[in-house]
Amino acid sequence: MSDSTANVEQESNKDHQDVNITTATTFSKKRCIELITSSNIETETKNHGKRTKGSDIVNTSTSDKNDEPISSPYDDGTEETTSNVQKKDKSCDEPSSPRINNYDEDSLEGKFNENEYSQEEPSSQHTTDSLDLVNVDEEDDGTFQGTPLSEIANICQHPPTLSDMNDIRDNNHTFLIKPFKYDPNAPDREPEPFYENGTYVDEWDQDYVRLPCSQSYITKNGTQRWPIIQGSLTKLQHLSETQMATMEDIKETIEECAGRNYEFNCLERLLNEVYSGDERGYFMSTVLSNICSLALNVDKICSRPPPLLRIGSNRTVTMSQKQAASLLACAFFCLFPRRFNQKIGSEYENYPNPNFNTLFHGGRSGGSTWKIEKLKCVFHYFHRITEKMPNGVMTLRRYQLPESCAPKWTESKEPLCKIHITKNKSIEDVAGLLQVDFANKYIGGGVMNEGCVQEEIRFVICPEMLISLLLCEVMKPNECVFLIGCERFSSYRGYSTSFEFKENYVDQTPKDSWGRKLCHVVAMDAIAFYNRATQFKLPQMKRELIKAYTCFRIPAAVTDKKSGVVTGNWGCGAFNGNKQLKAIIQLIAASQAGRPLVYLTFRDQKLVDSFYEVYEYLSNEKATVKDLCAYLQHYADLYRKLPLFDYILQTSDETLCVIEQWRKRLELKYKLIINGHEDSEARGVGYGKNRAVQYSSGRFLCFQDADDLMCQNRIHEQYHVAINENDDAILIGSKYERIPEGSTDRYTQWANNLSQEQLYTQIYLAHGPTIIMPTWFCSRSWFDRLGGFDEIAKGHCEDLTFFFKHLRNGGRLYRVDKMLLYYRYHPEAATFSVHEDVIWSVRIQEMQSNIIDNLEKLTIWNAGKQGRKFYRSLNDANKRKVTCFCDMDPKKISKGFYTDELSQDKRRIPVIHFTQATPPIIICVKLGLTNNDFETNLSSMNLREGIDYWLFS
């Protein structure tokens with residue numbers, strides 16, 4: 001590709017024939033187009049009904065009456081950070097996920113809304129993203145796009161390296177079993193409870209599961225409830241073993257154990273109407289007795305209560321499958337206290353209810369057919385463990401992404417991961433990969449109620465996953481839950497309202513050295529978008545990116561080969577997620593995590609083809625995570641009416657094509673010149689601007705970027721300043737507004753409110769000039785005398801170096817105090833190709849040569865990160881001039897001194913209170929971030945800016 005310059009000169013302009021407007025469009029794909037136009041360019045309404053479109057060649061931005069302006073940049077500086085979200089209570093801006101919180105524990109009839117429990121909708125809402133239920137059991141035809149599945153690493157082929165349980169010294173990892181090592185040659189060896197000989201060590205507080213066997217579990221009149229439970233369960237077990245148990249006996253036992261009444265019509269319908277005589281007889285005489293035994297012996301089997309996996313806890317629980325069975329038996333009899341009450345302010349308001357009371361309840365109809373089928377799956381599990389108790393191990397792990405590990409999306413150069421896209425597989429059938437559970441943030445979603453889609457189905461065919469309802473508090477945006485080693489017991493057919501238990505499933509998944517099935521599942525909850533347009537806003541997209549990355553990330557300490565992730569249309573059912581957006585978000589997260597992605601489209605061949613077309617295009621363009629994030633940012637700002645995949649495929653470097661399309665229209669009034677070079681690499685923004693100036697004519701130059709909009713009176717205002725000042729060596733700017741409104745708000749407020757004197761004194765403070773380049777107006781002769789812009793390839797701050805060169809040569813600054821430009825913010829701007837370290841280096845060098853080299857001593861205000869970085873950036877001679885650091889933070893002052901450990905002399909530099917500091921002072925504190933405390937302190941010292949102190953931050 002070549003860099004090109006397009007010049008348009010109006011052949012006659014009576015008002016300002018000496019003025020050329022230089023407008024620049026910078027594209028990421030090795031091309032910089034400069035368009036020089038006259039001032040008489042088509043206008044559109046903005047200020048008093050008018051806005052100048054300047055060099056906007058194509059304006060495709062659209063608006064939606066439901067959309068709000070995007071005000072935050074698409075990087076880690078956005079206001080909606082993970083840490084901020086985490087600190088909010090549940091009334092935060094994130095749309096709440098549906099949860100099971102509308103059961104009235106004091107009512108005999110629970111009230112339910114069947115559509116409120118899970119991400120996918122169990123009823124038949126028709127949307128453009130609705131699921132295809134017609135061919136849900138279609139056989140896998142083996143067709144796919146992308147990398148063959150056999151070439152994607154999986155943990156069955158390459159089991160993860162595990163430390164022995166004996167060697168685990170993590171206080172956040174609780175083992176309910178003694179250290180255990182699985183031996184394939186002795187597969188019948190069983191894990192033993194942590195405490196031996198029937199010993200039970202109790203914990204009864206808000207950090208542990210309150211087990212029914214605790215002596216602290218008492219009735220309202222102060223008697224222990226466990227003996228009551230034991231008596232009731234023993235009686236039912238005897239009735240079962242003597243083949244005398246009835247549905248009424250089960251009902252009486254559960255209500256006596258729990259101390260409350262329930263409806264059991266779904267359970268009753270299954271046992272009395274759906275089951276055959278033999279099925280009912282076997283359950284009532286054999287399976288029921290075993291469930292009673294498991295519940296009665298929960299103290300001996302578990303020997304200690306598992307900890308709760310609370311918000312931010314990063315805790316892990318490892319238990320045997322038998323211990324999980326015992327806990328599920330307790331849930332069957334609704335034995336877990338206080339879990340029925342999920343009202344606001346209650347102890348378990350942020351937890352799902354693990355007890356089976358809502359699963360047994362079916363309303364007047366006796367339960368929907370799919371709820372009956374879910375109950376069949378769970379009862380089949382109890383049937384299986386009655387015949388043979390599994391002797392494996394399972395782990396539940398809650399993980400919170402540290403804020404320090406959150407990616408800098410807009411800087412990431414991670415390449416795209418491998419991808420395999422197919423339509424006729426289910427996530428649970430792709431062995432050896434990290435399998436994504438499309439979770440509700442209240443894990444399990446509607447599994448205990450009417451919900452019957454991806455998460456709920458997974459939990460009933462693998463009932464050990466129901467333990468997560470007992471342990472896990474609601475998930476925050478930077479949290480997930482891993483379910484490791486849970487066995488599958490049932491196969492099924494259908495989906496949602498067509499779901500049916502099919503038959504027994506024998507899980508042949510191999511085990512790791514701890515005895516866990518090599519089945520890793522991660523619960524990943526999406527946002528529920530009640531207004532579909534909301535998902536295209538930056539905070540929501542970033543939240544979903546953080547969530548997916550949290551789930552996919554492998555800690556750096558893990559050296560095993562990274563296995564793939566198998567996922568699909570996450571949050572695209574009742575949660576109204578857009579399939580294309582969710583596909584790109586998960587592609588970004590997997591690429592950042594360095595893991596291959598297996599994407600299952602759930603019978604959607606069109607999505608298979610379109611997603612792979614986009615992936616192939618991006619791969620050919622050698623796109624990185626940064627590039628994909630740029631697409632999302634730009635799409636959020638401008639193209640919400642165009643499908644995302646179409647936008648990506650159509651957004652390419654077609655600048656010359658656009659110029660050609662406009663050629664006839666432009667040449668009616670202007671002279672059009674197209675110029676460039678044939679080098680394989682771009683020559684940078686400075687090259688394009690210099691060529692634009694070279695091919696223009698006129699006494700003055702008016703600069704403007706092609707994506708910005710100028711007001712009609714801009715040239716008039718700046719031209720008359722230039723004429724009246726009668727000084728060629730003057731750089732004239734103006735105030736501006738940002739598009740979208742609120743973008744880089746602090747920088748905009750700073751630049752627009754500088755005094756004439758501060759235009760000079762605060763030149764080292766920000767990442768750009770005190771007069772921003774798109775507003776520049778200057779003399780051609782002065783521009784030529786300075787030699788124009790530096791012609792350095794992408795990544796150079798040519799505007800800042802020209803600005804400093806202007807001042808070094810005695811140039812003056814002037815800002816017209818009127819808003820004359822609409823300055824557009826978008827992630828593909830050339831600004832973002834310049835790394836902040838480059839800008840920092842230029843500013844440091846300029847401040848040293850202009851200020852510090854002429855000082856005998858100096859104080860650095862800020863003993864924190866910015867101040868220390870400033871000190872380390874100085875040359876050795878100027879480092880020796882630093883007499884002390886000053887600060888207002890008692891912690892920093894109490895340390896007494898700072899030492900640069902990388903320096904040779906390791907000089908100890910004192911840290912003093914700012915009131916003791918003496919000029920000259922270099923201040924490395926960001927303005928406007930301390931509730932005006934810093935500004936007040938500075939003012940109290942009566943120092944003169946530019947004489948006693950200079951700002952650098």
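This is a predicted model: local features need pLDDT of at least 70, side-chain atom pairs count only at pLDDT 80 or more; totals for chains, interfaces and linings use all residues.

Cysteine 330 is buried, and its relative accessible area is 0%. How many disulfides does the structure hold? The count is zero. For cysteine 330, the nearest cysteine sulfur belongs to cysteine 302 and lies 7.3 Å away. A disulfide would require the two sulfur atoms to be within 2.5 Å.

Let me turn to helix α7. Cysteine 330 is listed among the buried residues of α7, together with others including Leu327, Leu328 and Phe332. In total, 11 of the 12 residues of α7 are buried, so the rest of the structure largely encloses this helix. Helix α7 covers residues 321-332, and at 1.5 Å a residue it should span 16 Å; the C-alpha atoms at its ends are 16 Å apart, in agreement with that expectation. Just after α7, cysteine 334 adopts a positive phi of about 55°.

Six strands form an open sheet with mixed pairing, in the order β26-β27-β25-β24-β28-β29. Which strands are at the edges? They are β26 (897-899) and β29 (949-951), each of which pairs on one side only. On average, neighbouring strands of this sheet are turned by 30° against each other, direction ignored. Within the sheet, β24 (residues 858-861) and β25 (residues 882-887) run parallel and are joined by four bridges. There, isoleucine 860 stands opposite phenylalanine 885 of β25. Helix α25 (residues 865-873) packs on the sheet and touches β24, β25, β26, β27 (908-913) and β28 (921-923). The direction of α25 makes about 165° with that of β25.

Finally, I come to an annotation. In an unreviewed entry, UniProt places the feature "active site" at Asp437, Glu455 and Glu456. These positions span 20 residues in sequence, yet no two of their C-alpha atoms are more than 9.3 Å apart, so they gather at one spot. Aspartate 437 lies in strand β11 (residues 434-439), whereas glutamate 456 belongs to helix α10 (residues 454-461). Are these two residues buried or exposed? Aspartate 437 counts as buried at 1% relative accessibility, and glutamate 456 counts as buried at 0%. Beyond its sequence neighbours up to four places away, aspartate 437 touches several residues, among them Gln454, Glu455 and Phe459.

Methods:
Residues are numbered from 1 along each chain as its sequence is written. Side-chain values use heavy atoms; hydrogens and water are left out. Helices (H or I, at least four residues) and strands (E, at least two) are DSSP runs, numbered from the N terminus. The expected span of a helix is 1.5 Å times one less than its number of residues. Buried means under 20% relative accessible area, exposed over 50%, partly exposed in between (1.4 Å probe, protein chains only). Two strands pair if DSSP finds at least two bridges between them. Axes are lines fitted to C-alpha atoms, for helices over the stretch in contact, and angles run from 0 to 180 degrees between N-to-C directions. Contact means heavy atoms within 4.5 Å. UniProt positions are given in the numbering used here, feature names are shortened, and annotations may be inferred rather than shown by experiment.
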